[in-house]
Amino acid sequence: MHSICELTEQDSLDDNFSPINRKLVQRSSKMCRGLEEPKLKSSRTLINLLTSKGSDMLLHTESFHHFWVSLSSLYGIMLVILMFAICLIEVMDNPVQLLSIQGIYLMYLYLGSIAVIICIYIWVLIDSCVSLTSDESEIVTSGSSSPGVFTLNRFNSLKQFSSLKRAHISRSKTSDTSFYLRVGALVFGLGTLVFNGLEMAMYSMMDISCLNDVIFVHPVLHGLFTFLQMHFLFINSQVLVEKFGLAARFGFMHLAATNIALWVRLVIWESGIEWIYFIHLAQTSNIIGMPTTTYESDIPTPLQLRGFPRFITTRHTRDINADYNGTLKNTVYQPVSENHVAQVVTLHQCLNTNSLGQLLTSSMPYLYPFIVQFSLIAAGVTYVMGQNVGVFQTKQSKREPKPLTMSKDQKDAQLSRLYVSQGTSFSGANKGLFLGLLTLVMVIVVVIIFLVVKDDTDFASDTLFWMTSTTLAAILSTGTLLGCVGLYQVRKLCHNGNRLATLDSMLATVSSAGIILYATFSIMVGAVGAATSTPGSSEQKVDTMLTAVNVLQLVQVAVQSSLTAETYRRSSWSRHQLFTKPGRQIITYLLCSNIALWMFDSFITQSWISQERQLRFMGLLSWGLLSRISLPLVVFYRFHSGILLLQIWQNSYK
């Protein structure tokens, strides 16, 4: 007798068969029974010969397959590194003018990506038009399909015309992209389009002499690229391209590299421009009676518009040193030439002389995570699609295992599963749901208070820090404890053989690395501050709390990632599991708490006021780079964890 936790292949076939496929299987089985045994053996021998010994000759249809795969990957890496080099060269002090090389390179990336997406749709239309003349009753079997499942290659060709998935491939050969991840790409893409709209409106009100014509075209091309990619990701992200392998690989790598390059540009360009403007403030400040330079104006600085702490504009005294006779030397902090500083100041004044420019600069801290999260999802999806190009030609055929018979216990569990899983039920999740909703409400209240009082000079900054830190510590502590309980409870579920898709595994690894990066540096800042501060002082308490919160962050991420990976591979198959649903309360709470933490990190953690300790310790440039790399990944980890937990909530307990 088989174990109740075992799911036979016959069960999966019964669940997946459509009425048409079931009839086809019955007919084929009757025909197969009528064949003579010698003919059956000879046919099996011929099939084994073709699929094993001759598989390389028959399936590897593209010449130099692995060579082109490696070359396309190197092409994508080269595009990203080239963007890094161009932005760094323009930001640093040298004769290169700002936005001169960068503008031309961005044009190449945008136009190339738009051309790739348009070409994909063009060959889909051509392929679909050809399918209109095909025989609708043509029946084929796919070597990579599920065992025994037949597909209709040209069935209902009018519907194929509107879908890339149906025009090229069957669903059994698609890459697994979560529907919720595609919805997230749609939401983040809308945020990116809002940024492009504000940028276009700002450029329309600018003086034409400020910037060249190439820069004015950038927001238009970026908006068009974002819109086309949004549609492509939402509708056709599960495609597996089997044609034009050479061109398709380079096309998908160009798309992935463009998305990563845009993130690299934001990190290098924004951090470098802020650092140079900080130097300008140091040179023009009146702290020692120095005359102000001609760069002074009534336009708010980018540091003020983006919500930096007030101390950042007055931190210049450490750069002024006295020599042995008491006279001042190095009175001006000047690591960059005056000419380069003048270029940055002129660019800032050009972009922020109108209200729309100031609005764009002020909203950048909130729109920046949307741009990065959309780029991260798009890069991950297009990279996986590029890796899967031509998989049908290179994938080895596998012999179908003999289906097992169902035991009586399995049949009873199957009936119980069908009975319990009808509709959406919150059984076994009520306590976790209400506790999670309470956490979500608490975070919403804290976020509202933070946004209202963060610019209020009468509100003590220490009070704001303790309010946000205590809230975050409480959520992380609760999530860690309940996650440990969940790891104990989910052991009662049965293994289902599932595993995370390549895309989900890659996104989870990258986003968790961002949290580790942010938390590790914050722990170092807090630990050093607590060790060097006066014992018992408020500064030491703040640094100790900063260290404790980030340690909790690391522990909670480790526990939650382990629970997610373990529960994703388990399901309910016995009557007891279906009715008790072990661990579902924990999964429900973690789902709500991750939504709450996504809001907390989006509005509070990424605010420069919440990073005051790190800014004081590491400086504007170094922490600006680290935060722009890690914080979008911190926010995305919460979003992606919510998607995985929602999939577990729906699939593992039905």
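**Exercises on a predicted model**

Leucine 99 lies in the loop between α5 and α6 (101-131); helices are DSSP runs (H or I, at least four residues), numbered from the N terminus. This is a predicted model, in which local features need pLDDT of at least 70, side-chain atom pairs count only at pLDDT 80 or more, and totals for chains, interfaces and linings use all residues. Residues are numbered from 1 along each chain as its sequence is written, and side-chain values use heavy atoms, with hydrogens and water left out.

**Exercise 1.** State whether leucine 99 is buried or exposed, and give its phi.

Step 1. The relative accessible area of leucine 99 is 10%. Step 2. Buried means under 20%, exposed over 50%, and partly exposed in between (1.4 Å probe, protein chains only), so leucine 99 is buried. Step 3. Its phi is positive, about 65°, although leucine 99 is not a glycine.

**Exercise 2.** Decide how to read residues 286-296.

Step 1. pLDDT is the predictor's confidence in each residue, from 0 to 100; the chain mean is 75, and 69% of residues reach 70 or more. Step 2. Over residues 286-296 pLDDT stays under 50, and the model has 21 contacts (heavy atoms within 4.5 Å) for them beyond four places in sequence. Step 3. Where pLDDT is low, predicted coordinates should not be read in detail.

Terms used:
Helix = DSSP H or I, 4+ residues; strand = E, 2+ residues; numbered from the N terminus.
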